[in-house]
Amino acid sequence: MNIIHIMINDKKFIPQFIKFINKNFCEHKFLVLDNNVNEKEFSGYKNIILQKNFVNLKNIIQILSILKKSDLIYIHGLFNNRLLIFLLCRYSLLKKVVWVAWGGDFYNLYLKDDKNFKDFIIFKLKKLFAKEIRNVCNL
């Protein structure tokens with residue numbers, strides 16, 4: 001089974017999580033999205049794909065290709081708005097998605113902030129994504 005984990009590079013939690021998965025499970029891949037990725041952080045791992053965060057068409061096509069080949073897609077946190085928009089536009093991929101909710105997801109998902117239009121749109125986007133996802137787990 002081809003399993004991919006998509007996550008932003010949170011230096012506090014992600015490296016330890018990847019170590020844990022690699023130690024206890026097999027055949028998992030990780031797509032780490034970060035515009036300022038430091039490849040030295042993840043040297044020694046063959047199952048990590050470092051990508052910039054949806055910056056151009058070539059990058060988007062590469063990410064789409066990776067996701068189409070996957071049987072299961074674990075989304076770690078709803079912290080990447082571009083990823084949410086991308087997945088909502090590629091509705092066929094949502095059938096394969098498992099949302100791995102982190103603490104910040106629970107806090108931010110239901111925190112309605114009407115102070116500006118951007119926050120309102122992001123709130124609605126996360127709510128729509130949460131309704132469309134069939135599988136949810138948390139850490």
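**Helix packing, strand pairing and selected residues**

In this predicted model, the buried residues of helix α3 make contact with several elements, namely β1, α2 (57-69), β4, β5 (97-101) and α5 (117-132). Helix α3 itself spans residues 81-89, and its buried residues are L83, L84, F86, L87 and L88.

Helix α1, which comprises residues 14-24, has I14, F17, I18 and I21 as its buried residues. These four residues cover an arc of only 100° around the axis, and therefore they lie on the same side of α1. The spacing of such positions can be understood from helix geometry, because an α-helix has 3.6 residues a turn and residues three or four places apart therefore point the same way. On the other side of α1, by contrast, K19 and K23 are exposed.

In the loop between β1 and α1 lies N9, which counts as buried because its relative accessibility is 11%, under the 20% limit. The side chain of N9 is joined to that of D34 by a polar contact of 3.3 Å. The loop between α1 and β2, on the other hand, contains E27, and this residue counts as exposed because its relative accessibility is 57%, over the 50% limit. The backbone of E27 is also of interest, for E27 has a positive phi of about 60° although it is not a glycine. As background to this value, most residues other than glycine have a negative phi.

The cysteines were considered next. A disulfide is a covalent bond between the sulfur atoms of two cysteines, and a search of the whole structure finds zero disulfides. For C137, which is in no disulfide, the nearest cysteine sulfur is that of C26, at a distance of 18 Å. A disulfide would require the two sulfur atoms to be within 2.5 Å. With a relative accessible area of 32%, C137 is partly exposed, whereas C89 is exposed, with a relative accessible area of 62%.

Finally, K127 was examined in helix α5, where this residue counts as partly exposed at 30% relative accessibility. Between K127 and L33 there is a separation of 94 residues in sequence, and their C-alpha atoms are 22 Å apart in space.

Note on methods:
Residues are numbered from 1 along each chain as its sequence is written. This is a predicted model: local features need pLDDT of at least 70, side-chain atom pairs count only at pLDDT 80 or more; totals for chains, interfaces and linings use all residues. Side-chain values use heavy atoms; hydrogens and water are left out. Buried means under 20% relative accessible area, exposed over 50%, partly exposed in between (1.4 Å probe, protein chains only). Helices (H or I, at least four residues) and strands (E, at least two) are DSSP runs, numbered from the N terminus. The arc is that of the directions from the helix axis to the C-beta atoms. Contact means heavy atoms within 4.5 Å. A polar contact is a pair of N or O atoms within 3.5 Å; within protein, one must be able to donate a hydrogen and the other to accept it, and residues adjacent in sequence count only if both atoms are side-chain atoms.
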